[in-house]
Amino acid sequence: MIIRAAEPRDAEALAAIYDHHVLHGFGSFELEPPGVAWMDAKRRDLQALGLPFLVAQLGNRVLGYAYAGPFRPRPGYRYTVEDSVYVAPDAIGRGVGRAVLARVLDECTELGVRQVIAVIGDSRNAASIGLHTALGFQHSGVGRSLGFKHGRWVDIVWMQKALNGGDATPPEGPGIRLS
């Protein structure tokens, strides 16, 4: 398996993975798949900001992807990103998510990021919570019943990982680009 930057040619595979999670899971609060064009625009926008949007590929197949995006658009948040990770349903549990998210974290460290936030849909999402825990994230809280999907109320689990010393020292450098 190789981890590499996502490219335009990956848009269909990325959208197919995301579509599955939109239609069958709680990791995304989308109700309808947004499509290939939306996914490619998301990739382009994040990469244009200098942020990682990576895929895990085995042979010619994209098995999963992860990226970091600005946590919030205001300048005070320029040292914090939010991660996202999605894996093809038949590749879950094979280390794909861990490999691609670990690489995103490495790239965020190189960018000078100080905090990474995971906003995990569904407090029952043991796979994502376990993945983030294994990569050193700490529980930060739970927002109860913040979304409604597939006929039930869904929680948000907040997890956080400090990079580059976290809040122990003032940041160095300008932080990430927000727009």
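Author: Asparagine 60 counts as exposed, because its relative accessibility is 81%. (Exposed means over 50% relative accessible area, buried under 20%, and partly exposed in between, with a 1.4 Å probe and protein chains only.) This is a predicted model, in which local features need pLDDT of at least 70 and side-chain atom pairs count only at pLDDT 80 or more, while totals for chains, interfaces and linings use all residues. Residues are numbered from 1 along each chain as its sequence is written, and side-chain values use heavy atoms, with hydrogens and water left out.

Asparagine 60 sits in the loop between S2 and S3. Serine 140 is 80 residues away from asparagine 60 in sequence, and their C-alpha atoms are 38 Å apart.

Next, the strands on either side of that loop. Which aromatic residues tie S2 to S3? Begin with the total: there are 9 aromatic pairs. (Rings of Phe, Tyr and Trp, the last by its six-membered ring, pair if their centres lie within 6.5 Å; planes under 30 degrees apart are stacked, over 60 edge-to-face, and the rest tilted.) Phenylalanine 53 and tyrosine 65 make a stacked pair, with 5.7 Å between centres and 10° between planes. Phenylalanine 53 belongs to S2 (residues 53-58) and tyrosine 65 to S3 (residues 61-70), so this pair links parts 12 residues apart in sequence. Both phenylalanine 53 and tyrosine 65 are buried.

Phenylalanine 53 also stacks with tyrosine 67, at 4.8 Å centre to centre and 15° between the planes. Tyrosine 67 lies in S3 and phenylalanine 53 in S2, so here the tie spans 14 residues of sequence. Tyrosine 67 is buried, as is phenylalanine 53.

Widen the view. Phe53, Tyr65 and Tyr67 belong to one aromatic cluster that also holds Tyr18, Trp38 and Tyr86. Tyr18 and Trp38 turn up again where two helices meet. On the H1 side are Ala11, Glu12, Leu14, Ala15 and Tyr18; on the H2 side are Val36, Trp38, Met39 and Asp40. (Contact means heavy atoms within 4.5 Å.) The residues of this contact comprise 7 nonpolar, no polar and 2 charged. (Ala, Val, Leu, Ile, Met, Phe, Trp, Tyr, Cys and Pro count as nonpolar, Asp, Glu, Lys and Arg as charged, and the others, Gly among them, as polar.)

How do H1 and H2 cross? The axes of H1 (residues 11-24) and H2 (residues 36-48) come within 8 Å and cross at roughly 110°. (Axes are lines fitted to C-alpha atoms, for helices over the stretch in contact; angles run from 0 to 180 degrees between N-to-C directions.) The two helices, H1 and H2, are therefore roughly perpendicular. (That label covers 65 to 115 degrees; under 35 is roughly parallel, over 145 roughly antiparallel, and the rest oblique.)

Valine 87 is in S4 (residues 80-87). Valine 87 counts as buried, because its relative accessibility is 12%. Leaving out residues up to four places away in sequence, valine 87 touches Ile17, His21, Leu63, Gly64, Ile92, Val96 and Gly97. Histidine 132 is 45 residues from valine 87 in sequence, with 14 Å between their C-alpha atoms.

Conventions. Helix = DSSP H or I, 4+ residues; strand = E, 2+ residues; numbered from the N terminus.
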